Amino acid sequence: MGTSSAYGGPNGGTPLVPSWLGGDATGDTPAAPTAPDGVPTGGPAAPALIPAAPPSRPAIPAPAGASRFTAARGNFTRFAHSGGTDRASLGRAVSGYVSTSSGGARQAAQRMGASRGAGARLLGFLADAQARGATEALRSLNLEGLAGRPIDEIFVGLADYICPSAGTVDEGIAREAFIETIIELTTLGMTELDAFTPDQMQTVFELYATHAIEARLCNDIGTKLITAPTDAKAALRVQDQLRDFIRNGVSDALTAARAETPTLTQDRVQSFVDTVYERAFGILQALGNAEAEQ
């Protein structure tokens, strides 16, 4: 993967979910008015101004354990060195990443910030296209010129809407996942956006969330994904096994979420996507534990 070899992973001491604080402003209370000779003027004294209470701000998150990535990275490296045969190490790597490196499924999902937003925009667009037709959905984004084009061309044209920027690692992960999804769609025979079924919509989002979680995990603990295997075939096998492992978790999470929310409206898309990510990480942790015990 592109980002997996370009980024060395986050420092263990950074907060599990970073929080940025704005600046603080204070003011001085003005003095009572005086005459030119410095003597206070007559009349009632000007009321003292009471300084406004400082704005409420979130607490600065405490640094996480400096070694929280160590075990997960070590297990993932062992899995990569094995060429994909050491499934127990894969299970320990993924389970440890969710439980220890990320602090649990909820915080692991919160770390998918840009990918959650991009996933919601993707799913919202697909739902709109199914409800009103592809032409109207594209017109709402001033992209009606893409109507009738092949699905891969439409999705390439949507890239700046789905993933507006790639200035940070998090945003780069979201964009990379979308590009990987476009590439994979070309092999699945889904060519007509107007003919998309609910199951095909699920497949598109399932692919996107899988690629996004894979990219996040590889950037955090999988920096040896490409360099550790002995040859290109082994590297491809390792990557395929990791992707299949993640997709199984995403598929189960998405199926459960759809059962609870069979009709997806635009105002519920983001919460639906957030639920899928959180459940997917919880399922991946359970699947990882099962692999580690075999």
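Predicted model: local features only at pLDDT ≥ 70, side-chain atom pairs only at ≥ 80, totals over all residues.
S115 belongs to helix α5, and its relative accessible area is 0%, so it falls below the 20% cut-off and counts as buried.

Two of those partners, I173 and A174, are among the α8 residues that meet α5. Two packed helices are described by the angle between their axes and the distance between the axes. For α5 (residues 113-132) and α8 (residues 169-185), the angle comes out at about 40° and the axes sit 7 Å apart. The crossing is right-handed. On the α5 side, the residues taking part are G113, A114, S115, A118 and L122, and on the α8 side they are D170, E171, I173, A174 and F178. Sorted by class, this contact is made of six nonpolar, two polar and two charged residues.

Now for the rings. There are three aromatic pairs in the structure. In one of them, F76 and F79 have ring centres 6.0 Å apart and planes at 70°, so the pair is edge-to-face. Both residues are in helix α2 (residues 70-81), three residues apart, which is about one turn of the helix. Both F76 and F79 are buried.

Y277 pairs edge-to-face with F205, at 6.5 Å centre to centre and 80° between the planes. Here the pair ties together distant parts of the chain, since F205 is in helix α9 (residues 198-221) and Y277 is in helix α11 (residues 269-293), 72 residues apart. F205 counts as buried because its relative accessibility is 1%, and Y277 does too, at 0%.

How values were computed: Residues numbered from 1 in each chain as written. Heavy atoms only, no water. Axes fitted to C-alpha atoms, helices over the stretch in contact; angles between N-to-C directions. Helix = DSSP H or I, 4+ residues; strand = E, 2+ residues; numbered from the N terminus. Left-handed = near helix turned anticlockwise from the far one by under 90°. Contact = heavy atoms within 4.5 Å. Nonpolar A, V, L, I, M, F, W, Y, C, P; charged D, E, K, R; others polar. Buried < 20%, exposed > 50% of the residue type's maximum accessible area, 1.4 Å probe, protein only. Phe/Tyr/Trp six-rings, centres within 6.5 Å; stacked < 30°, edge-to-face > 60°.
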